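This report describes selected features of a predicted model. It takes up charged pairs, helix packing, a surface patch and a loop in turn.

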Amino acid sequence: MVAAAEKVLFLSLGGIPLIILWLLGGGIFFTWRMGFINVQGFNHALKVASGKYDRARSHGEGEVSSFGALATALSGSVGLGNIAGVAIAIQMGGPGAVFWMTVAALLGMSSKFVECTLGLKYRAVKLDGTLTGGPMYYLSGGLSELGLPKLGKVLALSFAFFGIGAALGGGNMFQANQAFAAFVKVTPMAANYNWLFGIIAAILVGLVILGGISRISVVASRLIPTMVTVYIVACLWVLGIKFTEIPNAVMLIVGQGMSPEALAGGLAGALVQGVRRSAFSNNAGLGFAAIAHAAAKMKEPVREGVVAILEPFIDTVVICNLTALVVIITGTYGSQTAEIGSGSEIVAVAFETVIDWFPLLLTAIIFLFAFSTTIAWSYYGERCWAYLLGESSVGIFKILFLACIFLGSIVNLGAIVDFSDMMLLATAIPNLIGCMLLSGKVARDLKDYWKRLNRQKSSLKSYLNSERSLIN
């Protein structure tokens, strides 16, 4: 069954799966349609995320701050993909895969803007007064406004179905499985206690997710900055010691990604691995971040969408590239690492060549990455479940989700993870169809937002000038 589904989803054109071209094409389209928002809105995104506008009139109803929504969305994407995924991409597609991973992330910033703007624009109020949203709501509500209610409903239900599978597999069981594998690597004596690890992990996650998005946001807001900072400092430490080799590593990445030889032969492998790992890393084009941003305390959908462009940049352009440079500079890829079992082990070996005690710290980082990813995906899966089966049954999903953490720790996942990964990529089909159809609405809202923002700046500038003239 998994093999058959894989053949359909990864149907190729010129050696490149159509789903990869679909994700890349979506990023290109949104970047052009939104006037290069990934560049034009970057500085503004930093200001919004820092809280500059939290007390402005744009501050509205919601469960979490813009930074909290950003942290929650990042916790769902910053994870094992930033460590193991990068090493796997280099191993399978060569250093050139990192180039395409970065290109996909830069384009994905525009995809994130569109889907997260729509997430806030079409969010709904639940019976208890709290807010909910995501692709399910903008696909059904937005396309209904365009006179396509049946298409919108089909796309929304498809997304919700795929989303549940992705949450229980790749966003849950895979995280627990790989976290335990990393733990056993530094503490071999724990190999027979996977059941205990699973129980403890399920309890820890349960303490967070039973409190809903507010508690998830609080934990993510504190956990994400800390663990990202520690990991970045470790990468910079290695790069600082081997700084003379950085230019050669960068040239290798760009060269193998764009050289005539790569274009003639290795491009397909590099592009496929780069775009695929970028999607797994930052989820751009898949729509899940819109679920987190829909709960933000913000009345301006465009402003929340602008915040979201930071996610692929932090997740892939910064963290994944730092991991890639460490792996390449230390020479820990290719035939030398063919015997190493997993991507996280490859990265551990890379760090160990410079920092001999780092594998122990890396295990802790992997666990925290897996933990943060799991709590975010619990919310994504919960919202998909609620859309399909109703709010009253959400408790069943949470119990199922916690049970899957335990199962992920004790079983060999095999085809389960392969299937959940395919369901994750499959969400890009309904999500991008809807986003493209609704892109005109987003473009108009963006144009109006820039006009209003410029008027506010002009008014403030005039006021300050008048104050100065009175003082003088």
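Because Arg452 belongs to helix α21 whereas Glu300 sits in the loop between α14 (289–293) and α15 (301–308), the pair ties together parts that are 152 residues apart in sequence. The two partners fall into separate accessibility classes: Arg452 is partly exposed, with a relative accessible area of 25%, while Glu300, at 14% relative accessibility, counts as buried, the cut-off for that class being under 20%.

A further salt bridge joins the side chains of Lys441 and Glu145, at 3.1 Å from N to O. Here Lys441 is part of helix α21 (residues 428–471) and Glu145 is part of helix α8 (residues 135–145), so this pair links parts that lie 296 residues apart in sequence.

## Other charged pairs

Side chains of opposite charge can pair when their charged atoms come close. Across the whole structure, a search finds 9 salt bridges. One of them is formed by Lys242 with Glu245, whose closest N and O atoms are 4.0 Å apart. In this pair Lys242 is partly exposed, at a relative accessible area of 23%, and Glu245 is likewise classed as partly exposed, at 32% relative accessibility.

## Packing of α8 against α9

Two packed helices are described by the angle between their axes and the distance between the axes. For α8 and helix α9 (residues 149–186), the angle is about 175° and the axes are 7 Å apart. Because angles over 145 degrees count as roughly antiparallel, α8 is described as roughly antiparallel to α9.

On the α8 side, the contact is made by Pro135, Met136, Leu139, Ser140, Leu143 and Ser144. The residues contributed by α9 are Pro149, Leu151, Gly152, Lys153, Leu155, Ala156, Phe159 and Ala160.

## A nonpolar surface patch

A nonpolar patch on the surface is formed by Tyr193, Trp195, Leu196, Ile199, Ile200, Ile203, Leu204, Leu207, Leu407, Ile410 and Val411, which together have about 940 Å² of accessible area. Two or more residues of this patch come from each of α10 (194–209) and α19 (394–410), and the largest share, 7 residues, is supplied by α10.

## Phe36 and Gln40

Phe36 is located in the loop between α2 (18–33) and α3 (37–40), and has a positive phi of about 55° although this residue is not a glycine. With 47% relative accessibility, Phe36 is classed as partly exposed.

Gln40 lies in helix α3 and is exposed, its relative accessible area being 57%. When its neighbours within four places in sequence are left aside, Gln40 is in contact with Gly35 and Trp450. The C-alpha atoms of Gln40 and Val306 are separated by 9.7 Å, although the two residues are 266 residues apart along the chain.

Note on methods:
Residues are numbered from 1 along each chain as its sequence is written. This is a predicted model: local features need pLDDT of at least 70, side-chain atom pairs count only at pLDDT 80 or more; totals for chains, interfaces and linings use all residues. Side-chain values use heavy atoms; hydrogens and water are left out. Patches are made of residues with over 30% relative accessible area and no salt bridge: like charges are joined within 9 Å, nonpolar side chains (Val, Leu, Ile, Met, Phe, Trp, Tyr) within 5 Å. Accessible areas come from the Shrake-Rupley method with a 1.4 Å probe; for residues, only the protein chains shown count as cover. Helices (H or I, at least four residues) and strands (E, at least two) are DSSP runs, numbered from the N terminus. Buried means under 20% relative accessible area, exposed over 50%, partly exposed in between (1.4 Å probe, protein chains only). Axes are lines fitted to C-alpha atoms, for helices over the stretch in contact, and angles run from 0 to 180 degrees between N-to-C directions. Angles under 35 degrees count as roughly parallel, over 145 as roughly antiparallel, 65 to 115 as roughly perpendicular and the rest as oblique. Contact means heavy atoms within 4.5 Å.
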